[in-house]
Amino acid sequence: IGNYLIYYIGFTADKMGIVEAVPLVLSMLTAIPVSKLLNSNKHISIALCAVVTNVIGLFILFPVKPEMVDPSVIFAPTNFRLFFGIFVLGMGYIAFLQTMKVWAKQLYPADSRGQYEGIWILFFVLIPMIGGSLMGQWVVQSSGETYINAESGKTEYIPNGNIFLVGACIVILSLIPVLMSRNYFKKRM
């Protein structure tokens, strides 16, 4: 999102930080009601709602073009769609991450929780960092904007809204394991 906001939309790095931070910090407040629902064992419902919320946020951001915003003024009315899209995206992401973390910890054997934490790190940190970077690079190089860097003479790639469209497709795929685990979850509760 940062590269998109700086290189495609046109914000400076300091303004981009505010445009990204304000809605994400506000979206963290959703962790409070989500935690109450998690205490009621509503893991599947929260995960499904989180995926839908995340996809909605990605679709809000997808069509945003540089001419639709004013990067010279952070809180310009034309920038509301960016703020709102990042807020909705953040709500879905935080709710999903929180739900999966709590749910996974409940499934760990009580006497060896630390050993299973490595599995969490593998699937929620290592694989997404490597796979996400490679996929992001592919999306940007195949559908992003390009320009020739005057200093190096090399072609540079700039991410556009297509990163959000591809992200939405990937997030939708996460419905498959969530729905498949619904019966297993009901048996355990």
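Residues are numbered from 1 along each chain as its sequence is written, and side-chain values use heavy atoms, with hydrogens and water left out. Because the model is predicted, local features need pLDDT of at least 70 and side-chain atom pairs count only at pLDDT 80 or more, whereas totals for chains, interfaces and linings use all residues.

**View 1. Overview of the fold.** The protein contains eight helices and two strands, these being DSSP runs numbered from the N terminus (helices H or I, at least four residues; strands E, at least two). Along the sequence the elements follow the pattern α-α-α-α-α-α-β-β-α-α, and the C-alpha trace spans about 60 × 35 × 25 Å along its principal axes.

**View 2. The crossing of α3 and α5.** The axes of helix α3 (residues 31–39) and helix α5 (residues 80–107) come within 10 Å and cross at roughly 35°, where axes are lines fitted to C-alpha atoms over the stretch in contact and angles run from 0 to 180 degrees between N-to-C directions. The contact (heavy atoms within 4.5 Å) is made by A31, V34, S35 and L38 of α3 together with I94, A95, Q98, T99 and V102 of α5.

**View 3. The largest pocket.** About 1,900 Å³ of space lies in this pocket, the volume being the space filled by probe spheres set on grid points that are joined across faces, edges and corners. A pocket is an open set of points on a 1 Å grid over the protein atoms alone, where a 1.4 Å probe fits, with protein on both sides within 12 Å along at least five of seven lines; lining residues have an atom within 4 Å of a point. Of the 46 lining residues, Y93, F96, P128, I170 and V171 are the closest to the pocket centre, and the largest share of the lining, twelve residues, comes from α6.

View 4. Strand β1 (residues 145–148) and strand β2 (residues 155–158) pair in the antiparallel sense over four bridges, pairing being assigned if DSSP finds at least two bridges between two strands. E145 has I158 of β2 as its bridge partner, and T146 has Y157. Six residues lie between the strands of this hairpin, in which G153 takes a positive phi near 75°.
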